[in-house]
Amino acid sequence: MSLATAPTFDKGLANTIAAETQMSFIDGGKGVLEYVGIDIDALARNSTFEETVYLLWNRRLPSRTELESFTADLRAEYELPGGMLDLISKLPRDATPMHALRTLVSALALHDAEADVEGAEANERKAIRLLAKTPALIANFDRFRKGKPFVASDTSLSMAANFLWMLNGAKPTDAVAKALDVCLILHADHGLNASTFAGRVTISTLSDLYSAIVTAIGTLKGPLHGGANEEVMIMLREIGAIEQVEPYIMARLKAKDRIMGFGHRVYKAYDPRATYLKTFAKQVATDTGNLSLYEMSRRIEEIMAREVAAKGIYPNVDFYSATTYHSIGIDLDLFTCMFAMSRIAGWAGHCIEQLDGNRLIRPAAAYVGPHGQPYVAMQER
Ligand code: ACO
């Protein structure tokens, strides 16, 4: 194959535009995030996760009837196919929840007669199934590993409230369900982040939507991406008390360690998702008796502002979502699963976009090894 122009090396692809999208717009310099042109702050304050997903997938806000119909479609898919609960109860109880989630989403494909059916309409139905069933996978795995009986989904509840119902076997308060709903809105899509890119690469081979979402889950798991929210909570636990914040952060910065929940490839200003979450996290932490955790977070932010804000390092969405998840009683090792539960909206939307005018995503590598080497026979090595 001859190339019209020689490709340039762009480590980390930071300066490469690899796809077009109509879902989210990011201005990293100004700290702007819009879903289909609507500011994330307005959505976090006024929308619901279901409405936000409709917006992302249809590129417009729904009418009341459209939202009711979309919500009903999602609720009709809450329940897991027969066999999935058996599978959950055969997983090792000590499995990392993200490993369990990746495995279970992969297994969902085995129960979907349309798994390999192509076309936008089949993919939209699969997207609804994936989004609607993932909360039950996470909640039921958590119940299984704690030795608790499974809880059937409640189709009268929103996705956020139903997840908390299945997880805890008790109806959440409106405030707690709202807190999770806001986190789901804030994490639903974010341009061509690493997991979305990975999902688009998979679907660009004309593989199926389940495979693409499994790829994306595996990519999200890493601590430089979705795994950072767990690391934030681990750090807060290690610090333990507000007086320890300054020495802890200064020692880590001196050792050139990264402070989890800070910095972003795109944002060199305040992550707009963190702006609302910061205020919201304070309210949730106060209501649930976790204010000291929030105050430690604020102190970390002050020190980071003093020490590294000049480099464009500010809190990212993971920083305050950690406090929020903890405050609403989500176990630390489920934090990244919460991210996945929401981001399936973005992943599926991106995959469907990718297939519209698809071209295989296949960048080049710069070969930096030797040439002209002899093949040395085994006995001579
Ligand atoms: N703490 C301290 N210093 C940092 C941090 C951090 N969290 N992030 C970046 N820096 C410093 C780097 O050490 C580097 O400093 P130097 O120029 O003096 O060497 C400079 O900022 C630039 O860092 P890069 O690695 O070039 O930035 P990059 O864009 O590649 O990294 C990333 C972005 C991976 C998110 C990084 O900021 C990081 O590791 N953050 C911590 C993990 C995290 O919170 N991830 C979640 C991201 S948001 C999400 O996925 C939802």
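Guide: A polar contact here is a pair of N or O atoms within 3.5 Å. The model is predicted, so local features need pLDDT of at least 70 and side-chain atom pairs count only at pLDDT 80 or more, while totals for chains, interfaces and linings use all residues. Residues are numbered from 1 along each chain as its sequence is written, and side-chain values use heavy atoms, with hydrogens and water left out.

Visitor: Which polar backbone atom is 2.9 Å from an oxygen atom of the ligand?

Guide: That backbone atom belongs to glycine 261. A polar backbone atom of phenylalanine 262 is 2.8 Å from a nitrogen atom of the ligand.

Visitor: And which side chain has an N or O atom 2.9 Å from a ligand oxygen?

Guide: The side chain of lysine 311. The ligand taken alone exposes 930 Å², of which the protein buries 71%; these areas come from the Shrake-Rupley method with a 1.4 Å probe.

Visitor: How many residues surround the ligand?

Guide: There are 20, with Arg258, Ile259, Phe262, Arg265 and Lys311 the closest; a residue counts if one of its heavy atoms lies within 4 Å. The shell comprises nine nonpolar, five polar and six charged residues, with Gly counted as polar and Asp, Glu, Lys and Arg as charged.

Visitor: Changing topic, how is the chain divided?

Guide: Into domain 1 (34-175 + 188-225 + 343-355) and domain 2 (228-327), with bounds from an automatic or database domain assignment. Their centres, taken over C-alpha atoms, are 27 Å apart.

Visitor: What does each domain give to the ligand shell?

Guide: Each of domain 1 and domain 2 supplies at least three residues.

Terms used:
A polar contact is a pair of N or O atoms within 3.5 Å; within protein, one must be able to donate a hydrogen and the other to accept it, and residues adjacent in sequence count only if both atoms are side-chain atoms.
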